[in-house]
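Try each task before reading its solution.

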Amino acid sequence: MGSVRWAFRCGSWTPSRSDWLFAARCIQREEKDRIGQFVFAKDAKSAMVGRLLLRRFVCEKMGIPWSEIKLERSPRGKPYLADTLKDRSDSEPETSAWSFNLSHQGDYAVLAAEQGMQVGVDIMKTTMPGSSSVPEFFRIMTRQFTAYEWSVIQSAGSEHEQLAAFYRHWALKESFIKAIGTGLGFNLQRVEFHLTSESLTQGRALRRTKMHLDEEEEEDWIFEENLLDADHHVAVALGPADQLGSPRYFHTLIGVHLCVFAHLFLLPPHSRCCCSVILSPRPLL
């Protein structure tokens with residue numbers, strides 16, 4: 001079964017005006033309009049990177065030409081391939097088996113995809129609350145976690161360590177919500193996470209955290225956890241699954257920028273080899 005874990009450090013891309021205009025031409029108009037609604041340039045850039053990551057995935061892993069990719073969103077906002085690609089997916093059964101999800105926050109945009117499984121991904125950066133103390137921030141967020149989860153968070157150590165535990169739990173919950181596609185109406189206290197005692201380290205994915213749904217352990221759901229760096233935690237929800245491979249850590253994509261990949265797939269096939277190294281993945285250690 002296929003599996004993809006990609007991360008892109010958005011700060012490594014400093015597009016010129018022509019770069020940005022080219023990127024905008026690589027995505028659908030409704031995507032461009034959605035990105036244009038962001039107030040801050042950093043958020044718009046992260047969203048653009050996410051759309052380009054998704055199109056690279058569809059093109060490279062699903063074999064659909066960049067110019068034929070048509071993405072739509074579910075009523076809950078989850079992206080999916082439009083029905084206009086139904087004929088192609090019928091002739092290539094593996095294509096329709098992929099599930100994919102995006103997240104961007106802090107300094108990164110991430111994509112997770114899997115064949116034969118539901119997928120949700122969320123990334124959180126550990127940061128101090130902007131306008132309140134840590135205890136006050138936790139008080140405001142009280143209803144988002146169970147009593148057991150709060151006991152784990154508040155016993156983590158220093159305030160920074162408590163925040164790291166908070167955002168770790170938050171990413172896990174968000175990854176599950178995004179995988180099932182229910183949106184903000186879901187009561188987060190219905191899900192409770194029991195973390196592995198094993199420490200998270202960069203360059204290594206953990207898959208031992210367990211989820212309880214309505215006080216019952218969910219054995220059909222698997223949760224991967226990654227540290228991209230000391231401050232960025234990624235959670236990937238996977239389920240249900242008939243077959244499960246080994247845990248996957250995230251690869252960072254290197255190169256000038258993702259638009260090169262779009263340009264590459266608009267070239268004739270015989271012209272592509274000269275650019276293939278530009279966005280080759282490598283582990284982020």
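**Exercise 1.** How much space lies in the second largest pocket?

Solution. This is a predicted model: local features need pLDDT of at least 70, side-chain atom pairs count only at pLDDT 80 or more, and totals for chains, interfaces and linings use all residues. Residues are numbered from 1 along each chain as its sequence is written, and side-chain values use heavy atoms, leaving out hydrogens and water.

Step 1: On a 1 Å grid over the protein atoms alone, a pocket is an open set of points where a 1.4 Å probe fits, with protein on both sides within 12 Å along at least five of seven lines; lining residues have an atom within 4 Å of a point. Grid points are joined across faces, edges and corners, and the volume is the space filled by probe spheres set on the points.

Step 2: read the value. The second largest pocket holds about 410 Å³.

Step 3: find its lining. It has 18 residues, with E161, A164, A165, R168 and L200 nearest the centre. Helix α7 gives the largest share, five residues.

**Exercise 2.** Describe the lining of the largest pocket.

Solution. Step 1: the space is about 930 Å³.

Step 1: 35 residues line this pocket, and R34, R73, G77, L102 and K178 lie nearest its centre.

Step 2: β4 supplies the largest share, five residues.

Step 3: sort by class. There are 13 nonpolar, 11 polar and 11 charged residues. Ala, Val, Leu, Ile, Met, Phe, Trp, Tyr, Cys and Pro count as nonpolar, Asp, Glu, Lys and Arg as charged, and the others, Gly among them, as polar.

**Exercise 3.** Find the strand order of the open sheet of three strands.

Solution. Step 1: the order is β7-β8-β9, paired antiparallel. Two strands pair if DSSP finds at least two bridges between them.

Step 1: β7 (191-194) and β9 (216-217) are the edges, each pairing on one side only.

Step 2: helix α7 (residues 159-180) packs on the sheet and touches β7 and β8. Contact means heavy atoms within 4.5 Å.

**Exercise 4.** At what angle do α6 and α7 pack?

Solution. Step 1: axes are lines fitted to C-alpha atoms, for helices over the stretch in contact; angles run from 0 to 180 degrees between N-to-C directions.

Step 1: α6 (residues 147-154) meets α7 at about 145 degrees, with the axes 8 Å apart.

Step 2: α6 residues in the contact include W150 and I153, and those of α7 include F166 and H169.

Methods
Helices (H or I, at least four residues) and strands (E, at least two) are DSSP runs, numbered from the N terminus.
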